[in-house]
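Hello,

Please find the structure we spoke about below.

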Amino acid sequence: MPNLVMEYSNSVDERVNVQGLLEDLHFVVLQSGLFDTLSVKSRALRCHHWLLGDEGDSSDFIHIGFELLAGRTEEQKRDLSRQLMAVLQQQAGHVRSLTVNIRDMDPSCFQKIIN
């Protein structure tokens, strides 16, 4: 069920191999051992409009939002966050803003259908 969503400013496309970065982030999640491999989903969303502090859209960013069903320990989530950030820094350290946020989802509200 985990969902990794990489949002990034369109200017990042010129300086980062977005598909390669997404694949490496996805691999980190698969190798974490926290999830069923077939349930992991990763995608990249290019942002055409953004504002960053008082710099407006003159600075670029990459933000990783990671949602997972509740049940992992704080230590597991913190370790995963650090591993994802390490990949970001290695491949996109020149991007102005790099962020990672891991959020628990409420399992009683989550719905899923697989056909």
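In which strand is Ile 102 found? Ile 102 is part of strand S4, residues 97-105. Helices (H or I, at least four residues) and strands (E, at least two) are DSSP runs, numbered from the N terminus.

Before the rest, two notes on the source. This is a predicted model, in which local features need pLDDT of at least 70 and side-chain atom pairs count only at pLDDT 80 or more, while totals for chains, interfaces and linings use all residues. Residues are numbered from 1 along each chain as its sequence is written, and side-chain values use heavy atoms, with hydrogens and water left out.

Ile 102 and Lys 77

Ile 102 has a relative accessible area of 18% and is therefore buried (buried means under 20% relative accessible area, exposed over 50%, partly exposed in between, with a 1.4 Å probe and protein chains only). Leaving aside residues up to four places away in sequence, Ile 102 touches Phe 66, Leu 68, Lys 77, Leu 80 and Ser 81; contact means heavy atoms within 4.5 Å. From Ile 102 to Ser 81 the C-alpha to C-alpha distance is 6.9 Å, although 21 residues separate them in sequence.

Lys 77 belongs to helix H2. Its relative accessibility is 11%, so Lys 77 counts as buried. Not counting residues up to four places away in sequence, Lys 77 touches Leu 68, Arg 72, Ile 102 and Asp 104.

Helices H1 and H2

H2 (residues 74-92) packs with H1 at an angle of about 155°, the axes being 10 Å apart. Axes here are lines fitted to C-alpha atoms, for helices over the stretch in contact, and angles run from 0 to 180 degrees between N-to-C directions. H1 is therefore roughly antiparallel to H2 (under 35 degrees counts as roughly parallel, over 145 as roughly antiparallel, 65 to 115 as roughly perpendicular and the rest as oblique).

On the H1 side the contact is made by Gly 20, Leu 21, Asp 24, Leu 25, Val 28 and Val 29, and on the H2 side by Leu 80, Gln 83, Leu 84, Val 87, Leu 88 and Gln 91. These residues divide into eight nonpolar, three polar and one charged. Ala, Val, Leu, Ile, Met, Phe, Trp, Tyr, Cys and Pro count as nonpolar, Asp, Glu, Lys and Arg as charged, and the others, Gly among them, as polar.

Also in helix H1 is Gln 19, which counts as partly exposed because its relative accessibility is 47%.

Aromatic pairs

How many aromatic pairs does the structure hold? There are two aromatic pairs. Rings of Phe, Tyr and Trp (its six-membered ring) pair if their centres lie within 6.5 Å; planes under 30 degrees apart count as stacked, over 60 as edge-to-face and the rest as tilted.

Phe 35 and Phe 66 form a tilted pair, 5.7 Å centre to centre with 55° between the planes. Phe 35 lies in the loop between helix H1 (18-31) and strand S2 (41-47) and Phe 66 in strand S3 (residues 61-69), so this pair ties together parts 31 residues apart in sequence. Phe 35 is buried at 11% relative accessibility, and Phe 66 is buried at 0%.

Trp 50 and Phe 61 form an edge-to-face pair, 6.2 Å centre to centre with 65° between the planes. Trp 50 lies in the loop between S2 and S3 and Phe 61 in strand S3, so the parts tied together are eleven residues apart in sequence. Both Trp 50 and Phe 61 are buried.

Regards
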